[in-house]
Number of protein chains: 2
Amino acid sequence: MLFPLVRDIRSLSPENQDVTVRGWVRTKREMKNLIFVEVNDGSSLSGIQCVFDREKDGGGNDGAAGNTAETLAALGTGAAVEIRGRLVPSPAAGQDAEVAVSGITVPGSAPAESYPLQKKHHSLEFLRERAHLRARTNTFGAVARVRSGLAFAVHRFFRERGFQYMHTPIITSNDAEGAGSMFRVTTLDPLASAKPESGYGGDFFGRAAYLTVSGQLEAETYACALSRVYTFGPAFRAENSNTVRHLAEFWMIEPEMAFASLEDDMDLAEDFLKSLFTAALQDCAEDIAFFDKHFSGGDGRGNGAGKGIAETLEAAATSKFVRMTYTEAVRELEKSAGSFEYRPCWGRDLQSEHEKFLTEKIAGGPVIVTSYPREIKAFYMKMNDDEKTVRAMDVLVPRLGEIIGGSQREDDLQKLSRRMEELGMKKDSYWWYLDLRRYGSVPHSGFGLGFERLIQYVTGMINIRDVIPYPRAAGQAEF
Amino acid sequence: MLFPLVRDIRSLSPENQDVTVRGWVRTKREMKNLIFVEVNDGSSLSGIQCVFDREKDGGGNDGAAGNTAETLAALGTGAAVEIRGRLVPSPAAGQDAEVAVSGITVPGSAPAESYPLQKKHHSLEFLRERAHLRARTNTFGAVARVRSGLAFAVHRFFRERGFQYMHTPIITSNDAEGAGSMFRVTTLDPLASAKPESGYGGDFFGRAAYLTVSGQLEAETYACALSRVYTFGPAFRAENSNTVRHLAEFWMIEPEMAFASLEDDMDLAEDFLKSLFTAALQDCAEDIAFFDKHFSGGDGRGNGAGKGIAETLEAAATSKFVRMTYTEAVRELEKSAGSFEYRPCWGRDLQSEHEKFLTEKIAGGPVIVTSYPREIKAFYMKMNDDEKTVRAMDVLVPRLGEIIGGSQREDDLQKLSRRMEELGMKKDSYWWYLDLRRYGSVPHSGFGLGFERLIQYVTGMINIRDVIPYPRAAGQAEF
């Protein structure tokens, strides 16, 4: 029922069969009587070459006025076309087949004087301002396909392992991290001169409401019913940090397992990342080869270790992740303290430079750091016997630093209550979360993976705003 | 690496192999020296029976104090357990295998005096107030598994047909429907006495921002680059309607295809629904059988046509959907005008009672209604030649009414501009949307499916708040 896409047509053997190519013109070259039109429909990085022979024109062309001259004039870069013809072996290098054109229809042209994507190479900054068109370029088409391919790989991975996908709430009255900068969700008008008498009691939800920073707490409730669950949904931070690593709106994957220790959590995280790296190499091979060619290397766009994108992924997919405690990590870092901007020091969070050093210089690959000081981690993490560190684990990868953060959760009611009190949290609003420790409590663990961080790692794109269709950041919510 | 779930253990042949069952106690029965414990871990509707023989107690039990008496005392409904034993053929009816217990550990008990899920049957209303525990019941466990199963079926369906999954923005400055009630997203405080001097220019995004009501407009931009895309994400309506059909936060699936007419759109919608109904029957067979048994019939919970859930799904999955125009539909309804609360009348929207009549009485199955009056449909729909109706299509199903709404989009710049002006819309803020009609415009079509509506239809659940883990509605944002 659905017509074949360009990638489907390209997979046919060129045995003179009739095909119709639908897509957008990337380039047009004229040589005497031959016109070469490269058409791309976004189904793959490669388009297909269509060759129109003026001498063989049968008149089956349909431009604005239905004649060949007007049709050919409309065939500029960006024009939408339907090209009918025969699939034949191509004499040109780099392609098996091309289309010998018998008829052309141009549903919509793209005036050369105004179409913004005329030039072959635009800067990423230029394209960021034209987010509605940038998926028509090689780079952003490839990013979009890798996102889609890896999203499917995420679902496949968890489904094969008995995890149920769940949707945790986006609007919430809780702060899962205990300390996040949250966006308010309201039907009140902050610019209104009259304030509502009942305060947030008069707001839509009858209370103050926010955009979620994490679905973890709700995921825990379902893990304690269905054993294994995961979320894959949007999360939000109202942090005014204008960096290449932060977004106000991003997508997060959060598995949660009952009857699972921190070791089980690390095993799952390692399997998960390896499976995603393998999926990128196998399911998105053409696009990864493109990134490997254009976004690898030492030009500030590639990886710090001087390896290509594909090579780093292959290495990470087959290596054993090195595991070390935070205390061990700090000890290693102290040996090279002179090479850092921030001095490594037990009790302080690891900086990005420290994380990269651990992966690139010490381990030569991914590292899982465990048992962080409790002061720098969230309230829900299970305390170790030393009562100084918690059963947290971060997965660090070369080039990027932290890609996954997780922990075993505190499943003891008394210990969790005490910790919340120490931190001055309002226990009342977490009654349901504490209920999990009252009724059938089990050891359980989980982690979070920022989907955009993953796409950055797999594509080599430096700016996180280039791996999500419509990035949201301070001052940025157009489209 | 991951331990076998109960559904995995149940699929083994009972040949005296050692197993460990991890889950939560549903029931415990004592008969002389035998204790029967039904354990469920949420991996399937069915749990597994574990039989403890006091006479054979080897002492491998581990309660609060590590001895058998305390362990058995802790084995109440809701307790978390790890039970070791041998999988043996069961003499009981309705199960092939059971576990002959050799050792029991109780990581967390559930005090009978306070655990809310003691009773076997709680009302749906009672459980709605305990959303953090309700997935531990048969009904809500089954809803959760069907949600997960169908979410996967959605991704599989589109992936097999060359659609790329994309994430459209949640926070937006546009109103895709041109008339929705939207939630504001802000870092300003509506209760603050001082108003920001620069208005929303001083807000986080430097402009007024809202939660999206639909990802369609942004999906169109990607369809005009990648040919076929779909979204699957949350959408929001700030409507104060306290009904069994509305949520303030829900999940929506929106495919969008380039080079596609309204007929292509109808074909896709029909294939899509049939494939989801088939997936429910095949991938979620045990859970659907449960709903068929408990939520079918004429008790106000089942379907209007007197058929069971499974039968309705099978019929819809194999039938040809009836197609008729809105004008034909109104003519049919007028013949039975006396039986309706609202008189059918050309130019007015179809009421739920009309939609049900068309499917249940006229067609005896799903119906696709096309060519609605333009006044009752959105600005972006393509005008028919009569200039009175638009190329819209709604898919209606028995029991529920509208389940899908879609259209061919207006791809003509002049016509779309004129329509936006007629409706008094701010064209400036849609410059990027209009660009799609300036550069390589193509006929394109798509639709939206509310995921919770689908789950309602497939499970027979009457109240939409019972098919999403944590429902959001006016006055409701706890957890």
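**Salt bridges in the predicted model**

Me: How many salt bridges are there over all chains?
Reply: The count comes to 52 salt bridges over all chains, a salt bridge being a side-chain nitrogen of Lys or Arg within 4 Å of a carboxyl oxygen of Asp or Glu. This is a predicted model, where local features need pLDDT of at least 70 and side-chain atom pairs count only at pLDDT 80 or more, while totals for chains, interfaces and linings use all residues. Residues are numbered from 1 along each chain as its sequence is written, chains are lettered from A and ligands numbered from 1 in the order in which they are written, and side-chain values use heavy atoms, with hydrogens and water left out.

Me: Which residue does Arg323(B) pair with?
Reply: Its partner is Asp267(B), with the closest N and O atoms 2.8 Å apart. Arg323(B) lies in strand 12 (residues 322-325) of chain B and Asp267(B) in helix 6 (residues 262-283) of chain B, so the pair ties together parts that are 56 residues apart in sequence. Helices (H or I, at least four residues) and strands (E, at least two) are DSSP runs, numbered from the N terminus.

Me: Turning to Arg374(B), is it buried or exposed?
Reply: Arg374(B) counts as buried at 17% relative accessibility; buried means under 20% relative accessible area, exposed over 50%, and partly exposed in between (1.4 Å probe, protein chains only). Arg374(B) forms a salt bridge with Glu375(B) at 3.6 Å, N to O, and Glu375(B) counts as exposed at 58%.

Me: What about Lys427(B): which residue is its salt-bridge partner?
Reply: That is Glu421(B), the closest N and O atoms being 2.7 Å apart. Lys427(B) is partly exposed at 25%, and Glu421(B) is partly exposed at 47%.
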